[in-house]
Amino acid sequence: MSRIPCLDDASMPESLRSLSQGRIINVYRILGHAPRSVTQIARLGAALFAEGSLSAIDRELLILTYGTVFEAEYEWEQHVPISRAVGVTDAQRAAVRGKRYDADVFTPAQRSLLGFAAAAAASPLVDEDRFAAVAAHYTEEQLVETLVLAGFYYLLGRVCTVLDVEIDAAETDELVRMAQSMHSN
């Protein structure tokens, strides 16, 4: 059980209820205790999800990587079905879970991206060789977006780990549909 209670629908800001178009996941029910920021946090997540320059597969591989590096089980569980729906394989998820970012299940570009992301998530600096490797495959926009995703999922991850937010991921299309509808506004 969460250290602080999840807010019910009636207690959530109207702007978040309309943005979510239905089901509000537990992390946002906890973030609802900060009503002046929860909607902006959700809008940033929506922009990163639907309007980002990275492919859906690369985005989900990054989110799973951040869930692993930040030890945020909530984020991992939420994104397993979403990653499956966009085409991330079980072998890729297993490699990310094992922090094997150089596994043959990834393309050379993905190996450079995940190595860069894991390094940036674990340390304030990334060495020149790792940066050059990822820059050979991804645009400047995509590199910045990768780092913004790291910050966003650090924020969500720490809210979930410190406040012990209950995992509400469903192994059905419901979570995928909810994510798509929330992030298409």
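Aspartate 164 is partly exposed, with a relative accessible area of 42% (buried means under 20% relative accessible area, exposed over 50%, and partly exposed in between, with a 1.4 Å probe and protein chains only). Aspartate 164 sits in the loop that joins α9 to α10 (173-182), and its phi is positive, about 55°, although the residue is not a glycine.

The structure is a predicted model, in which local features need pLDDT of at least 70 and side-chain atom pairs count only at pLDDT 80 or more, whereas totals for chains, interfaces and linings use all residues. Residues are numbered from 1 along each chain as its sequence is written, and side-chain values use heavy atoms, with hydrogens and water left out.

## Overall architecture and confidence

The protein has ten helices and zero strands (DSSP runs numbered from the N terminus: H or I over at least four residues for helices, E over at least two for strands). Read from the N terminus, the order of elements is α-α-α-α-α-α-α-α-α-α. Of the 185 residues in the protein, 49% are buried. The accessible surface comes to about 8900 Å², and carbon and sulfur atoms account for 54% of this area (Shrake-Rupley method with a 1.4 Å probe; for residues, only the protein chains shown count as cover).

The mean pLDDT (the predictor's confidence in each residue, from 0 to 100) is 90, and 88% of the residues reach 70 or more. Over residues 181-185 the pLDDT is below 50, and this stretch has 17 contacts in the model beyond near neighbours in sequence.

## The nonpolar core

The largest nonpolar core contains 49 residues (such a core is a set of buried Ala, Val, Leu, Ile, Met, Phe, Trp, Tyr and Cys residues joined through side-chain atoms within 4.5 Å). The residues with the most contacts inside this core are Val27, Tyr28, Leu31, Leu62, Tyr66, Val96 and Leu149. At least two core residues come from each of α2 (26-31), α3 (38-50), α4 (56-69), α5 (73-86), α6 (90-97), α7 (108-122) and α9 (140-162). Helix α9 supplies the largest share, eight residues.

Tyrosine 66 illustrates the packing: not counting residues up to four places away in sequence, it touches Glu71, Ala117, Ala121, Thr146, Leu149, Ala150 and Tyr153. Glutamate 71 is itself exposed, with a relative accessible area of 65%, and has a positive phi, near 55°, in a residue other than glycine.

Asparagine 26 is part of helix α2 and counts as buried because its relative accessibility is 13%. Apart from neighbours within four places in sequence, asparagine 26 is in contact with Cys6, Tyr74, Val165, Glu166 and Asp168.

On the surface, Leu44, Val144 and Val148 form a nonpolar patch with about 220 Å² of accessible area together (patches are made of residues with over 30% relative accessible area and no salt bridge; like charges are joined within 9 Å, nonpolar side chains, namely Val, Leu, Ile, Met, Phe, Trp and Tyr, within 5 Å). Leucine 44 lies in helix α3 and counts as partly exposed because its relative accessibility is 39%.

## Salt bridges

The whole structure holds four salt bridges (a side-chain nitrogen of Lys or Arg within 4 Å of a carboxyl oxygen of Asp or Glu). The table gives examples.

| Salt bridge | N to O distance |
|---|---|
| Aspartate 9 and arginine 29 | 2.6 Å |
| Arginine 97 and glutamate 73 | 2.9 Å |
| Arginine 59 and glutamate 60 | 3.1 Å |

Aspartate 9 forms its salt bridge with arginine 29. Because aspartate 9 lies in the segment before α1 (14-20) and arginine 29 in helix α2, this pair ties together parts that are 20 residues apart in sequence. Aspartate 9 is partly exposed at 39% relative accessibility, whereas arginine 29 is buried at 14%.

Arginine 97 is bridged to glutamate 73. Arginine 97 lies in helix α6 and glutamate 73 in helix α5, so the pair ties together parts that are 24 residues apart in sequence. Arginine 97 is partly exposed at 36% relative accessibility, and glutamate 73 is partly exposed with a relative accessible area of 34%. In the bridge between arginine 59 and glutamate 60, both residues are buried.

Technical notes: Contact means heavy atoms within 4.5 Å.
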